[in-house]
Amino acid sequence: MNDSKNIRNLLIQKKHAVCAAFAAGILIMTQAAFTVLEVIVLQRFLDAFSASNFELGQSLRYIAALAAMYAFRYFRMPLLNWLNGSISLQLRESLDCLIIKKAERISLASLEDASHQALLGRVQDAPEKRYANGLYAILEIAGGVMQTAGVLFLLAGSVPYFLLIILLLLGLMAIVFRIIGQNRVKVYHARQEIGRRGDYLSGILFDRRLAQEKKLFGYTSYIQKIYEEENIQSNRKLLYRIFASNLILWFYDNITFLFSASAYLVFLIPLSRGEIDIGLYIAIIPALTRLGAFFVAVGSEYLPTYQEYRACLKDITALEALEEQFYISAIKERCHSESNQAGRHPLAFHEIKGENIVFSYPGSDKPVLDGLNFTFYAGKNYAIVGENGCGKSTFVKLLMGFYKPENGNITIDGKDIQEMEFSELQNCYSAVFQDFNRYDYTIRENIIMSALDGVSDPQMERAAGEAGLEEWISSFPDAYDTSLGTLTEGGGNLSGGQWQRLAIARMLYRNAGVYIWDEPTAAMDPLAESRLYTAFLKKRSDSLTNIFITHRLGACVGADEICVLADGYFAEQGSHAWLMQKKDGIYRSMFEAQKGMYE
Amino acid sequence: MKKIGNITKALKLVIPIAPLGMAFYLLLSLPGAVLPVLMLHLQKNIVDRAVHYDSGQPLGYYMKPVLMMIGIYMIMKMFELISKQYMEFGYFRDVFLGLDHRIHKKSAEISLEYYDNAEYYNIVQNAKNASMFLVFTTNLAVMSVILVLNLLSVGAYLTSLNPALYIFVVFVSVPVILEKLQEADCQAGFMQDTVLPARRKKYAFEFLSSSDRKKEIAHYGAGDYIADKYLAACMELDKKERQHIRRLGKRGLAFAGIKALFHCAALFLMVFLLLKGKITIGGFSVLLTSFASLTHIFTQLLSHAGEIIQTGIMSSAFFEWMEFEIKDGSRDMEDSDEYARLAHVSYRYPNSTETALNDISLTIKKGERVAIVGENGAGKTTLAKLLSGFLLPTEGNMELSGTDRRMLRERSIFNHISAVYQDYGRYKLTLAENVYLSDTMDCSQSLKEPDMEKICDALEWADIRFDTPPDKMVLGKEFGGRELSGGQWQRIALARSYYRKRIVLLFDEPTAAIDPLEEMELYGKLKELAGEKTVILVTHRLGAVRNADKIIVLEKGNIAEIGNFDELMRRKGYFHNIWTEQTKWYKK
């Protein structure tokens with residue numbers, strides 16, 4: 001019951017939704033009242049017909065009332081569907097805003113957890129429907145209770161019998177609900193997981209990047225096979241759970257029917273004693289049948305739906321509670337306003353210093369970084385080299401504040417980066433990562449994505465030029481407004497190298513004191529790489545700091561300092577010439593290896 | 001009438017997937033067709049007896065129909081329970097997987113060109129959505145059999161009470177079919193309209209919810225922008241859905257009006273009959289209650305008929321996908337002394353104005369080691385795709401093993417090739433499966449068992465060693481498996497191509513993101529793997545092409561030079577230029 005209040009009140013924020021829920025409530029209540037009223041009207045009509053002084057006019061009034069109530073029943077369903085649809089739509093608007101706002105703030109570490117990914121999958125799976133259905137279930141139950149009370153009132157003479165049955169049914173319902181409701185949520189979660197896995201496997205077969213490998217190796221049949229096997233296997237685990245639920249429901253259904261059908265017999269007693277007339281006996285039968293159906297629906301439908309609604313609230317609460325590592329900029333309410341963020345100023349600094357840094361990934365006992373010390377001065381070029389998996393990218397993540405070091409600290413001009421606001425820290429840097437993003441949006445968006453405040457076309461064109469993209473971009477009729485990727489029909493497609501250049505242009509577009517190049521040139525030819533670096537260093541090097549992370553040692557030659565990362569710390573540090581003097585040095589052996597390929 | 005055509009198509013597609021299952025399902029549903037009439041009859045009996053209540057009758061006289069009714073109800077519900085369970089875990093799952101099987105199989109046949117096409121992904125998504133409806137086709141077919149049975153039994157029963165009412169029941173029910181038809185049109189249009197915004201929404205969400213992608217977004221502070229993209233897609237979806245709900249609601253109300261009108265007319269008819277003395281007060285009350293349940297049954301059954309038609313409309317997206325045109329040759333590739341011969345071949349990507357390759361002429365002999373080099377965008381990968389059979393030249397002639405490429409079956413070309421790509425897959429399966437995936441089919445195109453010995457051999461060859469047995473080791477953190485480093489994945493990709501033993505080897509930038517020591521080792525491995533095979537190596541690392549028999553140097557889609565390393569160096573042309581530039585760093 002401790003789901004946070006603002007989630008519960010989601011609905012209340014939306015006036016239309018409240019009105020719609022209110023209208024739905026009225027519809028359901030009216031229906032409940034009509035069920036009872038129908039009995040009365042019918043009874044009156046039948047009594048009037050049996051009486052000696054039969055008046056046609058009066059009985060026709062009864063029939064007209066009856067017809068109106070029958071007609072109402074036909075309008076009720078489409079109206080309810082309409083209302084339910086518009087309630088969930090309103091909810092979706094609120095939920096979408098809430099979910100995306102939260103998604104924006106969740107920390108990276110938190111996203112790496114498999115259970116959190118499952119949670120994110122669930123909150124994307126139409127939570128508004130579960131929410132609205134839960135609401136609807138509550139209304140239906142309220143309507144049913146009213147209906148029951150009405151029937152009890154009509155049968156005042158036989159109340160003890162009915163109270164007994166209702167109590168019995170309520171007890172049964174509680175048991176059924178306990179088992180089925182929980183089962184439903186478990187089955188739902190399991191189904192979501194099956195779906196997630198199935199989507200992944202099926203996705204392999206439609207992935208553009210894997211298309212060549214898939215076709216050449218011809219593994220479609222095998223993926224299909226495991227897709228089927230895993231589906232069958234995981235469904236088998238659900239089979240007994242669902243069968244148990246259904247069996248219990250079958251019993252419950254039968255018992256409910258037993259009671260409502262036996263009413264036919266029970267009412268023979270008051271009928272024979274003249275306590276009720278034949279009109280009531282006949283009229284009450286449809287009401288009783290409907291009442292029985294209601295009791296079945298409460299156990300099998302409404303309460304489990306309510307349970308799902310609770311689970312959905314719980315999921316959203318859990319989502320809200322996910323760790324937020326950093327505060328990004330303020331997020332607008334329903335965001336269509338123009339960008340109005342304050343201008344970003346790159347942070348001026350003298351030195352970035354790290355002392356005795358230790359870091360290890362969760363679940364791993366061996367630290368990736370272990371006692372790392374470094375000092376980077378403004379205006380210099382650094383190269384970080386080392387074997388695959390030695391922790392270069394981890395180092396970058398720490399430097400940029402994505403991860404917290406277990407031990408030691410990183411300071412900029414003496415100020416601990418942990419104490420800086422995340423966005424303030426990011427203003428120091430502009431980075432391009434090895435696994436950079438490919439945005440299936442326009443070329444312009446791909447470039448300006450790195451600094452969306454105060455977009456400047458000349459700066460964008462300069463960045464594109466520096467990344468060597470000018471000619472390629474001008475080959476499109478729409479130039480910078482060309483859409484890329486598969487989200488837009490007729491979107492252009494790029495090679496891996498072109499995506500890489502686009503990522504570099506993106507980095508260069510952003511004004512920053514430190515540029516971090518985390519192996520962005522893998523798919524680029526060395527010639528292009530060298531041209532890129534030389535041109536960049538020549539043009540912009542004066543006051544800028546560069547950190548190159550690379551495997552192409554040739555690119556390091558010009559760096560002021562080369563840091564060799566091995567065993568969790570900078571094992572060697574110095575200029576190219578200095579490091580080449582070390583006879584058994586790591587750098588020297590790596591350089592010789594690469595050089596050897598050209599001899 | 002195309003709609004009706006689709007229904008037969010849908011049935012022809014779905015029924016053969018599991019015909020026995022369908023028969024069994026039909027059998028289980030039969031009681032649902034006959035028993036409701038019996039229940040109605042019993043109810044009439046009960047009321048009739050109560051109306052003429054006589055204390056002289058034994059209790060059993062009144063109890064018997066009630067008990068019978070309860071018994072029949074239990075039996076009916078029992079069958080319902082079993083058929084529901086069987087449907088969900090037996091029949092439906094089979095059909096569901098069978099349809100997915102067809103969708104997936106089709107994806108294997110589609111030409112590579114389509115993978116760059118936005119429309120392709122929309123069609124796939126539409127087809128997947130449509131298959132959800134197709135699953136229910138046979139259910140609906142079974143239901144229509146039941147419908148016919150019901151029509152007969154209920155019809156006969158009602159006629160025995162009063163034939164005039166029967167017409168009204170039909171009148172009340174017929175609008176249901178029309179309603180379903182309208183709804184289906186509405187629904188199909190709505191689903192197709194929302195595929196793209198739904199994909200956009202999902203796409204934007206992934207930038208913020210996957211840790212790999214979010215890193216960059218958080219750094220650049222672009223979260224707001226992506227959130228705006230997400231919300232824009234949401235708004236588009238919301239707008240479409242709002243229209244959809246409104247349209248459905250209006251139609252629903254209109255049809256409700258028609259149905260209510262007929263129901264009221266029937267009521268007045270009953271009263272008329274009662275007043276005229278044509279039926280007794282008991283008969284009237286039975287008619288009153290049974291009319292409601294009869295209409296309900298009819299409505300339900302006819303709505304199934306409507307849904308069948310609905311499925312026909314919805315499934316068109318599925319057939320659109322299944323009928324996606326595929327051009328494939330009919331001949332198998334044979335062994336020949338010459339692997340490839342290209343004469344004035346050009347290639348242009350669909351939707352592109354410029355040719356990616358221009359007037360390419362060359363030959364590759366069997367056992368030759370060919371390297372394709374050039375700058376980014378020079379057409380290296382496109383040429384490799386042509387040579388490995390993925391693309392057909394838009395102009396010029398290309399022969400593979402002495403046969404015109406157009407005549408060859410795609411599959412038979414692939415069967416000769418093993419490859420390592422730059423974009424190799426990091427499959428979240430077991431380690432063993434990651435290797436086995438490269439060679440899963442035997443020569444008759446059916447699955448063969450993974451050869452564990454060979455897999456272990458391949459892993460050992462690629463120096464991949466873990467304590468856990470490869471078939472027990474699951475990879476990929478998202479599904480609770482192990483996460484590997486880039487270098488380890490790269491080696492798995494290598495082991496994968498080792499496992500697939502073929503006469504032609506294709507390396508497309510195989511060592512892009514690897515440290516120098518590792519790269520040296522990998523090139524050693526690649527050399528070992530090459531042996532006497534035909535090798536096509538695409539790379540921009542000129543250091544790796546020294547031993548090639550033939551180097552094809554591409555410049556902006558044209559062949560700039562062709563020859564072996566020494567020849568090209570002597571010529572002092574384009575190749576010499578880029579070589580000097582690449583080595584100058586190392587020559588200090």
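In chain B, the side chains of B:Asp94 and B:Arg93 meet in a salt bridge at 3.4 Å, N to O (a side-chain nitrogen of Lys or Arg within 4 Å of a carboxyl oxygen of Asp or Glu). B:Asp94 counts as partly exposed because its relative accessible area is 34%, whereas B:Arg93 counts as buried at 17% (buried is under 20% relative accessible area, exposed over 50%, partly exposed in between, with a 1.4 Å probe and protein chains only). Salt bridges that share partners also join A:Arg92, A:Glu128, A:Lys129, B:Asp238 and B:Glu241 into one network.

The model is predicted: local features need pLDDT of at least 70, side-chain atom pairs count only at pLDDT 80 or more, and totals for chains, interfaces and linings use all residues. Residues are numbered from 1 along each chain as its sequence is written, chains are lettered from A and ligands numbered from 1 in the order in which they are written, and side-chain values use heavy atoms, with hydrogens and water left out.

Over all chains, a search of the whole structure finds 36 salt bridges. One of them links B:Lys201 and A:Asp96 at 3.4 Å, N to O. This pair crosses between chains, from helix H7 (residues 163-209) of chain B to helix H3 (residues 56-105) of chain A (helices are DSSP runs of H or I with at least four residues, strands are runs of E with at least two, numbered from the N terminus). Both B:Lys201 and A:Asp96 are buried. A:Lys215 and B:Glu410 form another salt bridge, with their closest N and O atoms 3.0 Å apart. Here A:Lys215 belongs to helix H8 (residues 211-217) of chain A and B:Glu410 to helix H13 (residues 410-414) of chain B. A:Lys215 counts as buried because its relative accessibility is 3%, and B:Glu410 is buried at 11%.

Chain A has 20 helices and 10 strands, and 57% of its 599 residues are buried. In helix H12 (residues 392-399) of chain A, seven of the eight residues are buried, including A:Phe395, A:Val396 and A:Leu398. Just after H12(A), A:Gly401 takes a positive phi of about 80°.

On the surface of chain B, B:Phe24, B:Leu27, B:Leu30, B:Val145 and B:Leu149 form a nonpolar patch with about 400 Å² of accessible area together (Shrake-Rupley method, 1.4 Å probe, only the protein chains shown counting as cover for residues). Patch residues have over 30% relative accessible area and no salt bridge; like charges are joined within 9 Å and nonpolar side chains (Val, Leu, Ile, Met, Phe, Trp, Tyr) within 5 Å. Helices H2 (19-29) and H6 (137-161) of chain B each supply at least two residues of the nonpolar patch. B:Phe24 lies in H2 and is partly exposed at 40% relative accessibility.
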